[in-house]
Amino acid sequence: NNPCCSYPCENNGVCMTKGDSYSCDCANLDFHGKHCEIPTFTKKIKLFLKPNFETLHNLLTSYKWLWNIVNKVPFLSNYVMKKVYTIRSDMIDSPPTYTSEHEYITKEAYFNYSVYTRTLPPVPKDCPTPMGVWGKKELPPAEDIVKAFFVRKEFLPEPIGTSVLFPYFAQHFTHMFFKTDLKKGPQFQWGGHGVDASNVYGKDRDSENNLRSFKDGKLKSQMINGEEWPPLTSDAQVPMGYPKGMEKSQQYAMGHSFFGLLPGLFMYGAVWLREHNRVCDILKAEHPEWDDERLYQTAKLVIIGETIQIVIVDYVKHLSNYNFDLIFNPELLFDEQFQYQNRIALEFNHLYHWHPLMPDEFNITGTIYALKDFMFHPEIVVKHGLSDFVDSLSKQRAGMFGPHNHGPYTVPVVAELIKHGRTLRLQSFNQYRKRFDMKPYKSFEALTGEKKMAKQLENFYGDIDAVEFYVGLIMEKRRANSVFGDSMVQIGAPYSVKGLMANPICSPKYWKPSTFGGEVGFNIVKSSSIRKLFCDNIKGKCPLVSFRVP
Ligand SMILES: COC(=O)[C@@H](C)c1ccc(-c2ccccc2)c(F)c1
């Protein structure tokens with residue numbers, strides 16, 4: 001059978017069968033030899049000089065005094081940030097190379113936008129085991145894995161003090177580009193492959209037109225108790241997945257049909273709506289001669305810019321837990337070869353399933369809501385007011401990403417995710433470790449950092465090289481004072497950084513004052529932060545707005 005099932009080619013060499021033998025294609029790689037195992041001379045030097053992940057991570061998350069200096073010296077902080085941009089982005093194939101439908105390169109991979117791209121091709125169908133050659137003939141039932149390792153017994157709080165504001169930001173932000181079209185299949189998606197602010201403005205022109213007021217560039221909204229909120233679907237006809245029996249007066253219209261489900265998403269929908277309309281007022285004051293369309297389109301670009309700024313300096317800064325202040329500055333890449341194009345990968349979608357961060361109940365200024373009382377009740381946010389709501393989420397701890405912390409409502413979601421990984425024949429966790437420059441784990445104990453679960457995992461999978469992608473991410477031991485394990489950072493960071501910096505607004509032709517309505521708009525982008533996003537849109541005293549509990 002297929003000799004490529006054992007993945008004999010190292011360093012991203014491409015395995016090609018020839019009858020029942022194989023050859024490794026090492027073209028355009030810094031390696032050669034039968035298995036692309038021999039580095040070229042220059043590569044040897046680079047590999048020697050490359051600091052290993054462990055040292056880098058420890059350096060970045062300790063030595064506060066050192067980073068306080070680096071953060072203050074632009075020459076140094078810009079140098080470090082440019083390294084982060086280039087090293088991370090270079091890990092992503094651009095143009096995209098594989099899809100879930102073929103284990104070899106096809107023209108589909110480039111021209112078919114309606115599927116997620118794949119960083120590693122699917123395991124060939126004619127292999128001895130689901131993971132190639134390792135492990136058992138059959139993978140254990142997903143339900144058994146979930147029951148044994150994922151189900152929450154008691155809420156495990158996130159160790160560094162992440163607040164519930166954080167996972168809701170993650171969910172609202174990533175629903176811009178994680179839009180699986182399950183009717184067609186788990187490899188199909190209907191998103192725009194990047195930060196396109198479709199979570200605010202809707203998925204297509206039709207939805208956009210229904211959400212716009214067509215006055216002064218603004219989006220439709222309604223005033224309730226002196227605060228600005230999203231309109232109702234009776235006023236803005238966009239598809240919102242509300243359950244049948246739901247009261248009409250609670251059916252709010254937003255950019256994504258899913259956002260009516262959770263008040264945390266409604267909160268972000270509301271604050272971005274206010275921010276868009278606030279920016280329109282500022283732009284109109286600057287350009288009284290501009291019509292509705294120009295105000296709308298320019299405000300939209302400002303919102304995209306604000307989103308990327310906030311994601312880098314607040315959101316990613318928090319989850320990386322680095323002492324180094326991350327910077328959003330596209331100019332750092334202007335003297336590099338850089339592809340301003342992005343394609344959302346299936347693996348990025350899978351790794352971003354952070355449901356363990358969600359608690360089972362929410363404390364909003366003393367009122368406790370069980371998750372089931374939260375769902376499809378966006379009016380809770382209106383009742384408490386935006387200020388008290390964001391303040392409460394900033395004070396409540398999020399859950400830890402790891403084993404035994406999936407709440408009951410998320411168990412079916414994660415079981416389905418594991419099944420999708422199998423349908424789409426994702427390669428093993430260790431294969432992805434190698435693809436992202438990490439050493440594969442040699443034992444189950446090395447992966448989990450303990451004995452009990454390692455033994456159980458071994459009973460299920462038989463071989464460490466047969467552990468599935470998402471299971472590996474969940475079971476991986478976490479480093480001290482980190483939100484995630486090494487693999488989540490090392491695999492997620494390239495997708496994340498590429499997705500942010502390859503946005504068109506970061507390209508030289510876009511990244512200039514005139515794109516954002518002049519210096520005023522440009523400065524709104526550069527000075528935005530999660531705290532400012534809320535405080536600029538809440539009258540009176542600003543509440544606590546933080547991804548970390550006090
Ligand atoms: C040097 O490390 C990095 O590049 C930092 C900035 C970094 C960047 C992005 C992530 C990240 C990982 C998973 C999902 C979303 C973001 C991350 F965990 C760390």
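Author: Cysteine 9 and cysteine 24 form a disulfide, with 2.1 Å between their sulfur atoms; a disulfide is here a pair of cysteine sulfur atoms within 2.5 Å. In general terms, such a link is a covalent bond between the sulfur atoms of two cysteines. The link of cysteine 9 and cysteine 24 is left-handed, with -90° about the S-S bond. Cysteine 9 lies in the segment before β1 (14-18) and cysteine 24 in strand β2 (residues 21-25), so the pair ties together parts that are 15 residues apart in sequence.

The model is predicted, so local features need pLDDT of at least 70 and side-chain atom pairs count only at pLDDT 80 or more, whereas totals for chains, interfaces and linings use all residues. Residues are numbered from 1 along each chain as its sequence is written, and side-chain values use heavy atoms, with hydrogens and water left out.

A disulfide also joins cysteine 26 to cysteine 36, with an S to S distance of 2.1 Å. This link of cysteine 26 and cysteine 36 is left-handed, with -85° about the S-S bond. Cysteine 26 is in the loop between β2 and β3 (31-32) and cysteine 36 in the loop between β3 and β4 (38-39), so that the pair links distant parts of the chain, ten residues apart. Cysteine 26 counts as buried at 14% relative accessibility, and cysteine 36 counts as buried at 0%.

Cysteine 535 and cysteine 542 are likewise joined by a disulfide, at 1.6 Å from S to S. The torsion about their S-S bond is about -40°, so the disulfide of cysteine 535 and cysteine 542 is left-handed. Cysteine 542 has a relative accessible area of 21% and is therefore partly exposed.

The count comes to five disulfides. With the bonded cysteines of the protein chain numbered in sequence order, the pairing reads 1-4, 2-8, 3-5, 6-7, 9-10.

The structure holds 41 aromatic pairs, a pair being rings of Phe, Tyr and Trp (its six-membered ring) with centres within 6.5 Å; planes under 30 degrees apart count as stacked, over 60 as edge-to-face and the rest as tilted. Among them, the rings of tyrosine 201 and tyrosine 296 have centres 5.7 Å apart and planes at 90°, so this pair is edge-to-face. Tyrosine 201 lies in helix α8 (residues 198-201) and tyrosine 296 in helix α11 (residues 292-320), so the pair ties together parts that are 95 residues apart in sequence. Tyrosine 201 counts as buried at 1% relative accessibility, and tyrosine 296 counts as buried at 0%. The rings of tryptophan 511 and phenylalanine 516, with centres 5.8 Å apart and planes at 75°, are also edge-to-face. Both tryptophan 511 and phenylalanine 516 are buried.

Methods:
Helix = DSSP H or I, 4+ residues; strand = E, 2+ residues; numbered from the N terminus. Buried < 20%, exposed > 50% of the residue type's maximum accessible area, 1.4 Å probe, protein only.
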